Every structure is written in C-alpha cells, then in structure tokens.
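Subject: Structure for your review

Dear colleague,

I am passing on the structure that we spoke about, and below it you will find my notes. Please read them with the structure open beside you.

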Amino acid sequence: MNLNYAEFLEIVNKSFLPAYVFYGEERFLIDEAVKKLKNKLLTDGTDIMNLSIIENVDDKNVIDSLETLPFMSDHRLILIKDDEFFKKLNDSTINNIIKHIENGDTNNCIAFIFGDKIDMRKKLFKTISKVGAIVNFEHLKYEEAVNYVGFFVRKYGKVIKKPVAEYIVKNIGVDLYRLLNEVKKFVSYSSDKEILLDDVKFLISSNISESVFRLVNAIGLKQESTAIYVLNKMIANAENPIGILAMIGRQFRILLKAKYFLKQNLDRKELQSRLGVPYFSINDIIEQSKRFEEDDLIDAYELCLKCDRELKLSYDGNVVLESLIRKLCN
C-alpha cells in the first residue's frame with residue numbers, strides 16, 4: 001500500500017503489517033507515526049526490551065534484530081534510520097529482509113525511516129508496497145498547518161484566533177517542528193490566556209526566516225564572513241542550532257524545487273502553491289535561486305543532511321554550523 005499520513009492513521013489501529021516505510025519532508029508527522037506504531041505493537045512495560053533502533057546499519061545488527069524473539073510480548077519493532085541503508089548492506093542481507101517481509105511475520109515488525117525521497121524501483125520497496133505500507137509525509141497544505149497551530153496552542157492551555165494562526169503560518173512556513181517551536185515561544189511570552197497578534201508580531205520581528213534568507217544569499221555570493229556574521233547573530237538571539245540547520249536545509253530544498261518548477265514555466269501563483277511559501281516571498285526566491293547551479297543546491301542539501309548527524313553527536317553546535325557555512329561558501 002502507498003499511503004499518506006491520514007490513510008496510515010485509518011489502518012494502523014485495524015491491522016498489523018510486517019513492514020513500513022516512512023519518508024518525506026514532514027519530520028514531525030513521521031515521529032508521530034512512529035509513536036502510534038510503537039503504541040500499537042508494543043506492550044506496556046516491555047517496550048524497552050522489544051524496540052530496536054538502528055541508526056548505523058551493518059549486516060550483523062540488522063540480521064540479529066530480525067532473529068531476536070519478542071520478550072513477554074507478541075511483537076517487536078525494529079526501526080531503521082539510515083539513508084545509506086542500501087550502500088552499507090550486502091545483497092544477501094537485503095534478500096533476507098525481503099524474505100522476512102514476504103513471510104508476513106509481524107513478530108518482528110520492521111519500519112524504515114528515510115529522507116525526502118525513495119527509489120520505488122528497488123525490490124525491497126516493491127515488496128513492502130505489496131504486503132506492508134509505504135507512507136509519504138509531504139509538507140502540509142496551508143490550511144492544515146493553520147489547524148495544527150491551533151492544536152499546539154490548545155495543548156499548552158491557551159487559545160488563538162484563526163487570523164493570528166494564519167499570520168504565524170504565513171511568516172514561519174508549514175514545517176510543523178518549526179511551528180511547534182515558535183508556538184512554545186508565544187506561549188512563554190504571553191501573559192494572557194489568548195495568544196494575541198501584537199505579541200506574535202513582536203516575536204516574529206526578528207524572524208529566523210529572514211535571517212536564513214540573508215545567510216543563504218551570502219552563501220550564494222560566496223561571502224563567507226557575511227554568512228558567518230549572520231549565523232552568529234542568530235545564535236546570539238538564542239536560536240536552536242538544530243532549528244537553524246533545519247531552516248537552512250529547508251531553504252536549499254525550496255530553491256532546488258523552484259529551479260525545477262521554473263523550467264516548467266509556471267506562473268508565480270502556481271509556483272507559490274507548489275513550494276508552500278507565502279506569495280510575497282516568491283520574487284525573492286526566484287532571484288535567490290539564480291545565484292546557484294542545480295548541482296550546487298543538491299550538494300548543499302546533502303551537506304546539511306550530514307551536518308544534522310554531526311550536530312546530534314556534538315557538544316558544540318555553533319562550531320558544527322560554522323564548519324558547514326565554510327564548506328558551503330567554498
């Protein structure tokens with residue numbers, strides 16, 4: 001089955017499947033889907049014993065996980081989070097995984113978490129499409145993101161009017177992790193029950209999106225010192241290094257998509273819809289995309305993915321980000 005998130009929610013409580021693939025841009029919903037799968041499969045109190053998370057695959061750790069029996073439970077869940085999965089495993093191991101999935105064994109359910117895209121021509125994905133579920137987590141549409149802002153605000157015991165939620169999405173974008181982080185700021189700042197537009201405008205006045213745009217612009221012009229200056233200013237404003245990296249990666253992804261869609265001669269309104277960005281930013285995005293060759297944008301995005309892994313292992317995110325900026329400028 002090839003599903004979206006809503007369709008996944010419909011089936012997750014009805015049946016056990018031997019394998020799942022989660023991929024796409026909306027990482028918040030991927031994490032939510034993993035939580036729902038864990039809650040469905042794993043028995044309370046034994047979940048630690050029956051959950052294997054593999055972030056650096058090799059032939060041994062994958063096969064060992066598949067051969068381990070559930071402990072005081074009917075099911076185990078194996079999460080594989082490695083975009084280089086196919087490069088690291090030999091054909092024999094991948095064929096063993098395929099056979100396990102074809103057998104329909106839900107004792108050891110396996111879920112793969114990949115990046116934005118997957119190659120559906122691979123035999124593994126064809127097999128999972130037949131007996132499991134492949135779920136694509138695209139960025140939400142504008143109205144869906146607005147609804148999530150309301151949900152996040154209510155979660156923290158406050159209320160927000162729709163025009164204010166719309167203002168937030170127009171300025172922050174539709175990425176749910178970014179929206180959640182911003183909502184936390186609004187909730188902490190606001191002393192009232194209701195999140196007010198004036199408070200939101202004040203907090204967004206030094207919008208990270210604007211800073212990231214300036215930073216990426218400097219990278220496009222190979223102005224390393226300017227890019228480092230903008231980065232350090234963002235860090236001085238207490239922006240989270242992981243959040244900064246996510247926005248840098250998002251901007252390169254938007255520029256790459258823009259170059260692709262511009263080749264199709266789309267008008268600005270259609271381009272805005274395809275990119276999921278505010279209409280007033282379209283001209284700036286078009287101009288910024290011209291500063292990069294397509295291959296440079298692909299390389300930049302891949303460097304951001306590598307940096308994400310380094311950030312999670314580092315005690316000094318500032319140094320990791322500065323290193324990334326120097327690589328991107330050179």
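Predicted model: local features only at pLDDT ≥ 70, side-chain atom pairs only at ≥ 80, totals over all residues.

Residues are numbered from 1 along each chain as its sequence is written, and side-chain values use heavy atoms, with hydrogens and water left out.

The largest nonpolar core has 46 residues, of which Tyr-20, Phe-22, Val-149 and Leu-179 touch the most other members; a nonpolar core here is a set of buried Ala, Val, Leu, Ile, Met, Phe, Trp, Tyr and Cys residues joined through side-chain atoms within 4.5 Å, and buried means under 20% relative accessible area, computed with a 1.4 Å probe on protein chains only. Helix α2 (residues 27-41) gives the most to this core, with seven residues, helices being DSSP runs of H or I with at least four residues, numbered from the N terminus. A second, separate core of 38 residues includes Ala-227, Ile-244, Ile-282 and Ile-286.

In helix α8 (residues 162-172), the buried residues include Val-164, Ile-168, Val-169 and Ile-172, and just after α8 Gly-173 takes a positive phi of about 105°. Helix α8 packs against helix α9 (residues 176-189) at an angle of about 125°, with their axes 11 Å apart, where axes are lines fitted to C-alpha atoms over the stretch in contact and angles run from 0 to 180 degrees between N-to-C directions. That makes α8 oblique to α9, since angles under 35 degrees count as roughly parallel, over 145 as roughly antiparallel, 65 to 115 as roughly perpendicular and the rest as oblique. On the α8 side the contact (heavy atoms within 4.5 Å) is made by Ile-168, Val-169 and Ile-172, and on the α9 side by Arg-178, Leu-179, Glu-182 and Phe-186.

Helix α12 (residues 224-236) and helix α17 (residues 317-329) pack at about 155°, with their axes 10 Å apart, which makes α12 roughly antiparallel to α17. Among the residues in that contact are Ala-227 and Leu-231 of α12 and Leu-321 and Ile-325 of α17.

Finally, Asn-217 lies in helix α11 (residues 208-220) and is buried, with a relative accessible area of 19%. Its side chain is joined to that of Gln-288 by a polar contact of 3.3 Å, a polar contact being a pair of N or O atoms within 3.5 Å, where within protein one must be able to donate a hydrogen and the other to accept it, and residues adjacent in sequence count only if both atoms are side-chain atoms.

With best wishes

Note on methods. Helix = DSSP H or I, 4+ residues; strand = E, 2+ residues; numbered from the N terminus. Buried < 20%, exposed > 50% of the residue type's maximum accessible area, 1.4 Å probe, protein only.
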